[in-house]
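Me: Please take one part of this model and walk me through it closely, together with whatever it touches. I would like the cut-offs behind each term spelled out as you go.

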Amino acid sequence: MKKPILPLRLATVGALMLIAAACQSAPPANTNAASLWQKIEAQNADTGCDRDSQCHTIAVGAKACGGPERYIAWSDRAQDGAKLKQLVAQHAAARAEEDKRSHMLSNCMMAVDAGAVCRAGHCVQNSN
């Protein structure tokens with residue numbers, strides 16, 4: 001005797017409809033996080049360097065299941081990093097709140113800090 005597959009299909013369709021509704025009702029992007037990101041980019045606009053020791057990385061953003069979204073390179077030749085660190089912390093808190101409010105899920109993969117090096121007079125993330 002074959003088992004009816006109609007209940008399974010209905011359950012699948014119902015689950016997909018719930019997911020679609022959740023995606024459509026998600027709140028708009030947090031303007032606070034977006035404006036903080038713009039401030040981070042402005043603060044970190046000068047990544048000039050003369051040597052590798054002037055280059056550093058900093059974790060930015062926040063994944064829904066914890067940890068940073070990625071790392072960016074910055075130079076201590078142009079700044080001491082205090083303001084950048086403050087902005088990055090505020091941005092991470094805003095992103096975490098945004099994820100919590102919108103019930104965001106994450107791939108939970110750990111972002112890797114490859115370090116930073118001075119290439120062509122600018123700090124960049126190490127690709128090795």
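Reply:

R95 is buried, with a relative accessible area of 17%, where buried means under 20% relative accessible area, exposed over 50% and partly exposed in between, calculated with a 1.4 Å probe on protein chains only. The model is a predicted one, in which local features need pLDDT of at least 70 and side-chain atom pairs count only at pLDDT 80 or more, while totals for chains, interfaces and linings use all residues. Residues are numbered from 1 along each chain as its sequence is written, and side-chain values use heavy atoms, with hydrogens and water left out.

R95 forms a salt bridge with D99, the closest N and O atoms being 3.6 Å apart; the term stands for a side-chain nitrogen of Lys or Arg within 4 Å of a carboxyl oxygen of Asp or Glu. Both residues lie in helix α3, 4 residues apart, or about one turn of the helix, and D99, at 6% relative accessibility, is also buried. Helices (H or I, at least four residues) and strands (E, at least two) are DSSP runs, numbered from the N terminus. A second pair in α3, R101 and E97, has its closest N and O atoms 3.7 Å apart, and these two are likewise 4 residues apart, separated by about one helical turn. R101 is partly exposed at 40% relative accessibility, and E97 is partly exposed at 38%. Salt bridges that share partners also join E69, R95, E98 and D99 into one network.

In soluble globular proteins, nonpolar side chains tend to be buried together. A nonpolar core is here a set of buried Ala, Val, Leu, Ile, Met, Phe, Trp, Tyr and Cys residues joined through side-chain atoms within 4.5 Å. The largest one has 11 residues, namely A33, L36, I40, I58, V60, I72, W74, L84, L87, V88 and A94. At least two residues of this core come from each of α2 (31–43), β1, β2 and α3, with α3 giving the largest share, 4 residues. Apart from this core lies another, of 6 residues, which include C49, A73, A116 and C123.

Strand β2 (residues 70–75) has 5 of its 6 residues buried, so this strand is largely enclosed by the rest of the structure. β2 pairs with β1 (residues 55–60) in the antiparallel sense over 6 bridges, pairing being assigned if DSSP finds at least two bridges between two strands. Within this pair, W74 of β2 stands opposite H56. If neighbours within four places in sequence are set aside, the residues in contact with W74 include H56, I58, L84, K85 and C123, contact meaning heavy atoms within 4.5 Å.

C108 lies in the loop between α3 and β3, has a positive phi near 60° without being a glycine, and is partly exposed at 47%.
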